[in-house]
Structure formats: structure tokens, C-alpha cells
Amino acid sequence: MSEYVDLLVHGGDVLTVDEAGTVVRDGAVAVHDGEIIAVGPSENLRTTYTAAETIDAEGCLVLPGLVNTHTHLAMTLLRGRADDVTLQGFLERVLRWEAELLSPKNVAAGVRAAIAESLRAGVTSALDMYWYHEAAERVARETGWRLHTGPTFMDVPDSPDGREYEERLEWARRDLADRSHKPGTRPVLFAHSAYTLNPDQLVDIAALAREFGALLHIHAAENATEVATVEVRHGKRPVELLDSLGLLGPDLLLAHAVDLTGPEIAALARTGTSVAHCPVSNLKLGCGIAPVPRLLSAGVTVGLGTDGAVSSNSLDVLGAVRQAALVHKAAGDPTAVGAEQAVRMATIEGARALGLADHLGSLEPGKRADLIVLDLGGPHVRPLHDPWSTLAYAAHSADVRDTVVEGRVLMRNRTLTTLDEAAVLADLETFA
């Protein structure tokens, strides 16, 4: 007698992204209560399980959902308003606009648009540093999407929510104390940067994160100007400062990490600190190219991020995969970041950077059922000699056909199931 499950995805080639890089030809994934129960040949699983819902993935590639390790989701509201400027020029404009524009209602509208875009791009979870995170969480719950977010600290005049630093610290403590976390999630705190927070504040925030076992996420060494600014204010470069304050460690994730010295890379490796690599944003803002090959060689965990839709103009993690696989070859080494490494950065290594590799990032029994089905029907993705190569160098986000989060089908046959996309687009037009 067969066993009942909630969902059976069958008939496609399954790229598990497990340690061995297993590919199951004509494979299947069985899901129950949001958890992957089995991965194996379609014939075996279709005999073993009876599913309430199925996805026929014949002619498709099934793989883990993509993990966006650094973004600002509601910046969809400002897409196209700060192009062709430096990082510092970008910040001047965006901070002014945010103070005028942001509210819980507007953030919710921006996040709905971001989730719609992300689902279409096969992104099943994201680490979102932004104002009014409670509004973002409400939207994520309504849609069934996996969002990692929490209180953000940025000590600037005219912050959108008007909280002073001490008030923000107590608010954040209450927020963390009130949370309950399911498998595949964890508490998160955001310290914007060492140029918008002073050393004492950074130490306070890190202590709060440790008290609640939270991931701490911070921008660091995004470009040479930032490094010089921090050095003038605090006498140390950003990563040097974080190290001296005791902030580096396995529960710290740095965004960008473009301008690094050899000793700083060694410090990240020694402490188990992870990096969110945002190649598109770094190039667009002229920040430079992060030393990802050196980071990987040193043993640093590197995930991929899109940054916000103002600095990169899209939330396309698959596009970041291609950029990461290509840009580091420019120095003359075509093996600098290979196709498999780039795909892993968007899946299992992204999950590892979040401290969630036991739950997300690969298709293995016991993990949460976040997966996507990528249509291989187009001539640009045929023949499928090597799925890693196809994903890194040929596939586009528009090839994603189905998106599943926590075992729930949030996009089927390119139609979103929990979002009214017409309403989302209508909301966006009010910000034009």
C-alpha cells in the first residue's frame, strides 16, 4: 500500500546540490508537511507514494530554490531612480527618498512586488535588510514565501520610522523575544554599516544578536571610499574594526566585502565569517569586484545576493549566478569561479551563509521543501549535457516554470497562486 504525501514532483532531471552533486535522471521529489520525504527515480517514488498534488516535470530540471543572501526588497518602489552614480551618490539620493516615501503600507506594496518578481525568478527565500520589517513579514506570511528579516539599525537623521538609537535597541529586544522560529528560519538583526553606526553601537547590537542566537548582517568594505571613511572615523578599516570589536564569527554575514586585504580575508576564514557576494550591484555602482576566488580558496563561505532593485535593478539571483561565474574570469583564469561553484553559491552555500544549511539549499530528505522547476524546452538550454553549466551560462530566470516554498506551490505553470499580480502591478504604478 502506498504512502500518502502532499506533493510529488516527478519526471524531470533532479539536481540535488548535495555534497556529491547527485543528478537523478527522470527523478522525483516527495514532500509532506513542508519537508522533503524522499528523492529518487520517478518510477520508484510514483509507486511508493500517492500525492494530493503533483507537478509533472518531464522535460524540466528540478533544483533547490535560490537563496538571496542580501537584498532590500521594498526598494522595488525606487527602481530606476538612482542609476549611473557612485555608491555614495546612490546613498545620498536613496536616504532622502526613503525618509519621504516609506511607511508600513508602502513597504508592504514594495515587498509584494519583490516577492512576485522573486517567485518568477525561482528565488524561494531572501535576507531582507529594510525599514518596517513587520510589514514585510506580514506580506511574506500571506504569500507563503520564506523571508529572513528583523530589526535594522542605522543611526541617521530623519530615519523613516523616527526611532532614536536607545529606543530602537529596546524595540529590537522585544521583537526578538516575541518571535518563534520554525525549521528553515532563524532570528536576524541588521547593523547597516560601520559608517552609520559607531563602535559602541556595533558592540551593543552584536551582544543583542548573541543573546537571542540571531544572525547579524552588515554592509562592509563595499568600496574604497567606504573603507577610507571608516578608517578616518574609527582608525581602522571596516573588517579590521569588526574584528577588533569581536564581531567576526559564524553568526556574522558581511554584505559585499569588495575591498579586502589578505589579512582581512584570513580573519574572515579564521572566524568562520560569511560573505554575501553581490556582483551585479558592485559592478553597476563601480565598487569593484570582490575577491571571491581568494575568499573561496581561504575557506570562507560565500553566498549570492542581488542587493536592492535600485542598485542592481532586479532581484534575479540566476542572473547573479551568471555574473559570478563570468566576472572573476576577467583576470585571466577561466577556472576562478566555475559553473558548479556559482550555482552552489546561490543554493547550499547561500543557506550555509545564513546558518541554515541543515534545512535549506539542497534537495535531500529531512530538509524543507523549497524547490523550483526550470523549463528546458527552449533551444538556448538544449541539449542538457551538464545541468551546472546550463544554469550558470545558458538559463534565464524566465525559464522558471514552477516555484515551491515549504511544500506549497506558489507558482504553477508561470502563474502565481498566492498573489494577485495585476493588483501588485497596479499598486506599483501609484509610485511612478
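The legends below describe close-up views of a predicted model.

**View 1. The annotated domain, residues 61–409.** The UniProt annotation "domain: Amidohydrolase-related", taken from an unreviewed entry, covers residues 61–409. In the predicted model this span is 41% helix and 16% strand.

View 2. Four residues form the patch: D26, E43, D56 and E58. Of these, D56 belongs to strand β4, which runs over residues 49–56. D56 has a relative accessibility of 44%, so it counts as partly exposed.

**View 3. The salt bridge between R146 and E406.** The two side chains meet at 2.5 Å, N to O. The pair links distant parts of the chain, 260 residues apart. R146 sits in strand β8 (residues 146–148), and E406 sits in the loop between β16 (400–405) and β17. Are the two partners buried or partly exposed? R146 is buried because its relative accessible area is 7%, under the 20% cut-off. E406, at 30% relative accessibility, counts as partly exposed.

**View 4. The salt-bridge network around R146 and E406.** Salt bridges link E35, R146, R368, D370 and E406 in a network. The count of salt bridges in the model comes to 23.

**View 5. The salt bridge between D375 and R414.** The side chains of D375 and R414 meet at 3.5 Å, N to O. D375 is partly exposed, with a relative accessible area of 22%. R414 is also partly exposed, at 31%.

**View 6. The backbone at R414.** Phi of R414 is near 70°, a positive value in a residue other than glycine. Most residues other than glycine have a negative phi. The loop that holds R414 runs between β17 (408–412) and β18 (415–416).

**View 7. The backbone at H256.** H256 is placed in strand β12, residues 252–256. Its relative accessibility is 0%, so H256 counts as buried.

**View 8. The cis peptide bond from R382 to P383.** Omega of this bond is near -10°, and the bond is cis. Most peptide bonds are trans. P383 lies in the loop between β15 (371–375) and α15 (387–394).

**View 9. The salt bridge between D402 and R401.** The side chains of D402 and R401 meet at 2.6 Å, N to O. Is this pair buried or exposed? D402 is buried, and R401 is buried as well.

**View 10. E340 and V321.** E340 is placed in helix α13, which covers residues 339–345. The relative accessible area of E340 is 34%, so E340 is partly exposed. V321 is 19 residues from E340 in sequence. In space, E340 and V321 are 9.8 Å apart, C-alpha to C-alpha.

Notes:
Residues are numbered from 1 along each chain as its sequence is written. This is a predicted model: local features need pLDDT of at least 70, side-chain atom pairs count only at pLDDT 80 or more; totals for chains, interfaces and linings use all residues. Side-chain values use heavy atoms; hydrogens and water are left out. UniProt positions are given in the numbering used here, feature names are shortened, and annotations may be inferred rather than shown by experiment. Helices (H or I, at least four residues) and strands (E, at least two) are DSSP runs, numbered from the N terminus. Patches are made of residues with over 30% relative accessible area and no salt bridge: like charges are joined within 9 Å, nonpolar side chains (Val, Leu, Ile, Met, Phe, Trp, Tyr) within 5 Å. Accessible areas come from the Shrake-Rupley method with a 1.4 Å probe; for residues, only the protein chains shown count as cover. Lys and Arg count as positive and Asp and Glu as negative; His and the chain ends are not counted. The place of a charge is taken as NZ of Lys, CZ of Arg, CG of Asp or CD of Glu. Buried means under 20% relative accessible area, exposed over 50%, partly exposed in between (1.4 Å probe, protein chains only).
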